[in-house]
Amino acid sequence: MRVTAASLHLVELDLVHEFQTSSHRKSSLAHILVHLVDESGAQGWGEIASAAAPYYNAENVETCWLMARDYLLPRVLGASWEHPQEVAGLWRAVRGNEFAKAGVDVAAWSLWSGHQGVPLATALGGTRGQVVAGVSLGIEPTIDDLLVQVAAQVGHGYPRVKLKIAPGWDVEPVRAVRAAYPDLDLHVDANGVYTESPEHLAALRGLDGFGLTMMEQPFAPRDLLAHARFQRTVTTPVCLDESVETLADLELALELDAGRVLNIKVSRMGGLTAARAAHDLATTRGVPVWCGGMHEFGVGRAANVALSSLPGFTLPSDVSGSDKYYRRDVIVPPVTAERGVVTVPTGAGLGFDVDTAFVAEHTLRSTTLTV
């Protein structure tokens with residue numbers, strides 16, 4: 001294949017419900033949609049789902065725009081390749097910037113699978129026709145507000161709920177949710193804000209008796225030794241997220257026993273090519289994986305659904321219906337969940353159509369590059 005035109009569209013959508021993590025609160029999201037066109041006229045879409053500010057990792061919308069426009073897309077335009085897993089090799093000299101790379105990588109997979117007339121899930125090696133979905137809930141003003149949100153998602157049939165935690169918002173909210181839902185698949189996510197101080201460790205260990213499926217990313221991303229030390233003191237599996245950006249990170253984490261569950265995010269790992277490789281390695285080592293999310297619009301959400309169809313994704317993934325986050329999505333039809341289960345699309349490529357008129361209405365800026 002040979003890409004002859006590529007465009008970037010910065011699109012902003014309001015969230016249905018404000019979302020707060022340990023670092024910030026957000027009421028809307030602006031993501032970059034990547035559009036590739038090859039010489040035959042075939043099209044592919046990807047999504048750069050980076051945060052607006054460098055709180056999740058070092059990237060943000062502006063750095064991703066710069067990297068995609070000036071460094072990634074120029075290397076893709078005019079280059080010939082047979083399979084999307086070759087595309088990452090075109091920018092091998094560019095270090096880091098995994099979110100920016102992910103959007104272009106997904107667009108290449110979308111382009112290729114659509115051109116081949118096969119579903120993206122099939123192209124990746126997916127084996128299941130349905131994916132079990134979970135939801136992620138942010139920090140709320142009060143525990144009562146949190147219980148209202150949990151009740152709503154349980155009422156929609158989602159079998160797993162993830163709670164964001166932070167120092168001062170950890171043991172008590174978890175205690176309240178567990179008391180109300182003793183059998184719920186429940187886990188927590190700290191986004192790396194805890195330290196090994198006595199107070200923080202006491203709070204984290206205080207969560208160990210609530211039957212959590214996992215404690216996700218309690219310590220800073222690069223502090224794998226802290227995760228390994230903590231894992232030895234608790235029975236709840238530690239799940240790694242921000243700590244694993246590359247396969248080398250995963251190999252080191254496994255060697256240290258720093259985590260016994262892996263959250264694979266397409267965006268964090270630089271795209272579907274790397275995410276699939278992480279799935280293969282983790283599965284070989286007996287580590288259960290699930291697909292995390294970055295509140296993706298429909299393009300990124302469709303890619304996550306396709307990835308989650310791979311056999312190693314044995315835990316519920318963050319692929320809940322679009323309506324949990326957005327009143328209207330950029331794809332038609334939107335991703336939907338029935339009692340917490342999402343059907344893997346069988347159409348070629350992403351399996352959804354991008355609503356280009358709606359995208360245009362919500363685009364803050366665009367740029368197009370051609371050969």
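1. Two strands are taken to pair if DSSP finds at least two bridges between them. Helices (H or I, at least four residues) and strands (E, at least two) are DSSP runs, numbered from the N terminus. The model is a predicted one: local features need pLDDT of at least 70, side-chain atom pairs count only at pLDDT 80 or more, and totals for chains, interfaces and linings use all residues. Residues are numbered from 1 along each chain as its sequence is written, and side-chain values use heavy atoms, with hydrogens and water left out.

2. Overall make-up. The chain has 11 helices and 15 strands. Its radius of gyration is 20 Å, close to the 21 Å that the globule rule gives for 371 residues, so the chain is as compact as a globular protein of that length. The radius is taken over C-alpha atoms, and the rule is 2.2 Å times the number of residues to the power 0.38. Along the principal axes, the C-alpha atoms fill a box of roughly 60 × 40 × 35 Å.

3. Burial and surface. Of the 371 residues, 58% count as buried. Buried means under 20% relative accessible area, exposed over 50%, and partly exposed in between (1.4 Å probe, protein chains only). The accessible surface is about 14,100 Å², and carbon and sulfur atoms hold 52% of that. These areas come from the Shrake-Rupley method with a 1.4 Å probe; for residues, only the protein chains shown count as cover.

4. Contacts along the chain. A contact means heavy atoms within 4.5 Å. Take the contacts between residues at least 6 apart in sequence: 72% of them join residues at least 24 apart.

5. Four strands form an open sheet in the order 3-2-1-15, paired antiparallel. Strand 3 (43–48) and strand 15 are the edges, each pairing on one side only. From one strand to the next, the twist averages 20 degrees. Helix 10 (residues 298–308) packs on this sheet and touches strand 2 and strand 3; its direction makes about 95 degrees with that of strand 3. Axes are lines fitted to C-alpha atoms, for helices over the stretch in contact, and angles run from 0 to 180 degrees between N-to-C directions.

6. Pairings of strand 1. Strand 1 (residues 3–20) is joined to strand 2 (residues 25–38) by 13 bridges, antiparallel. A5 has V37 as its bridge partner in strand 2. L13 stands opposite L29, also in strand 2. Strand 1 also pairs with strand 15 (residues 363–370), antiparallel, over seven bridges. There, V11 has T363 as its bridge partner.

7. Seven strands make an open sheet in the order 5-6-7-8-9-10-11, with parallel pairing. Its edges are strand 5 (135–137) and strand 11 (289–291), each pairing on one side only. Strand 10 (residues 261–264) and strand 11 run parallel and share three bridges. L262 has V289 as its bridge partner in strand 11. Helix 9 (residues 272–284) lies across strand 10 and strand 11, at about 165 degrees to strand 10.

8. Cysteines. C239 is buried, at 0% relative accessibility. C291 is likewise buried, at 0%.
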